[in-house]
Amino acid sequence: MKTSNQNSVMSIFEEQNVVKICAPMVRYSKLAFRSLVRKYNCDICFTPMIVASDFVRSIKARDSEFTTNECDRPLIVQFAAHDSQTLVDATCAVAPFSDGVDLNCGCPQRWAMSAGYGACLINKPELVKDMIRHVKNQVANPNYTTSIKIRIHNDLRKTVDLCQKVESAGVSWITVHGRTSEERHQPVHYDAIKTIKDSVSIPVIANGDIKYPRDVESIHQLTGVNGEPFFMTLQWTAVALFLYMEIGVLVILCLPFISAKRWQKILNLKIWSPVARFWNKVFLTMIIILIVLFLDAVREVRKYSVKNLGTDAKLLPNMHDHMHMKLFRAQRNLYISGFAVFLWLVMKRVITLINQLASVSGTTAALQAQADTANKTAKKYMEDNELLKKTLMEGSGDAATAEGMELLKKEVEKLKEELKASEHVLKKSECDAVALKKQTDSLAKEYDKLLQEHQVLQNAQSPVNKKED
């Protein structure tokens, strides 16, 4: 394991106007996830929150909670702690393999707050200040950073006081989640983040509802902060691409010069046989996924449709524009997911109708062929009949009679052949009937014989039963 070769993580804040940071996420911000986001221009990565007391006490906890490699830099380790010495011990254990340590003062979960961790620490500014000072004094590396992540108070003056106190203790930067500890999905108070940024001279990182790269620039302009925790979500991009794919498939299926029979032949190719076996499952799975995304979009629309943004929003007029932008994106996602569900159902129905149309067309073609054959035969017979009548009516003398007789002989010969064929079928049927009758008689005799044997056995059994009685 190599130690950090960088002079200072703080140089990133000096060199870049906006720093993109992958915030700590429970069960996600492990080594594999951090390696992935670094490929997408993430500047700094955090580990998930680690309980410092367990980390110091248990080797098993250290091995499972903290893993890294030489490419996993810059790396900030976030701890949950409520006393200075435990935080110092945990920091000293990870300092050779990381670039900084972060104290979690923003986790709103009940278990964390009841144990003295997380968001309850924002109400203990002197304790947080003492913890930061002890870590700064105990770590030998002068470039090793010490930071905190906080939530805001209902009274913003308390938050500003906390930030100024930890700044005086030597904290490297402050990450501000723009909600109170009671808020979950309410709009982020970006104006509060701006107020905190204006009240301190150290870097401030904005956190909360930053889902797309475009959010980074807009929130940077709103708050003037140095960095934003950055998440690169692709779900709505994937849904949009799926929607475009549906539109393309429907356009191709509706092309007028490709018949239903040809589509049926294409759909019946062997290459589709593996897909055909799982088609119903795939269809239902996509329906469920799209409906879940649709409901998520509905939730986002309701979230950003809140009219009351708080009294502090008056301090920042651009806040309203930002919320309108968020609402517009949520509505766009709602339309994308809704149309994706609708077109998925339409595409399924169109494919079913094409198959039915091809089957009906095939049946219609077969019936048309039979009708054409019957018409030709009837027409031939009518022509022969008319010729016969014409010959008999218009003919004269022996020649006409001879021609008429010849035609009659031909008709008689045809009728004789048909009669022979009918007689042959009739004889065959009679033979089958005779054979069936013989078989029936034989079965009747066998049944009578079995009935007699059954009667004999029954009579023989009766005296034995009487004796036993």
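Visitor: Before we look around, how is the expected span of a helix worked out?
Guide: Welcome! This model is predicted. The expected span of a helix is 1.5 Å times one less than its number of residues.

Visitor: How far apart are the end C-alpha atoms of helix α11?
Guide: Helix α11 covers residues 235-253, which makes 19 residues. At 1.5 Å a residue, α11 should therefore span 27 Å. The model agrees with this, as the end C-alpha atoms are separated by 27 Å.

Visitor: Within what arc do the buried residues of α11 fall?
Guide: Among the buried residues of α11 are Trp236, Val239, Phe242 and Leu253. Looking down the axis of α11, you would find its buried residues lining one face of the helix, because they fall within an arc of 160°.

Visitor: Which exposed residues does α11 carry on the face turned away from its buried side?
Guide: Exposed means over 50% relative accessible area. On that face of α11, the exposed residues are Leu241 and Tyr244.

Visitor: At what angle do helices α8 and α9 pack?
Guide: Two packed helices are described by the distance between their axes and the angle between them. Here α8 (residues 156-168) and α9 (residues 190-199) have axes 10 Å apart. Their crossing is right-handed, and the angle is about 40°.

Visitor: Is Asn333 buried or exposed?
Guide: You will find Asn333 in helix α15, where this residue touches Tyr212, Trp236 and Ala297, leaving aside residues up to four places away in sequence. Its relative accessible area is 6%. The cut-off for buried is under 20%, so Asn333 is buried.

Methods. Residues are numbered from 1 along each chain as its sequence is written. This is a predicted model: local features need pLDDT of at least 70, side-chain atom pairs count only at pLDDT 80 or more; totals for chains, interfaces and linings use all residues. Side-chain values use heavy atoms; hydrogens and water are left out. Helices (H or I, at least four residues) and strands (E, at least two) are DSSP runs, numbered from the N terminus. Buried means under 20% relative accessible area, exposed over 50%, partly exposed in between (1.4 Å probe, protein chains only). The arc is that of the directions from the helix axis to the C-beta atoms. Axes are lines fitted to C-alpha atoms, for helices over the stretch in contact, and angles run from 0 to 180 degrees between N-to-C directions. A crossing is left-handed if the near helix is turned anticlockwise from the far one by less than a right angle, and right-handed if clockwise. Contact means heavy atoms within 4.5 Å.
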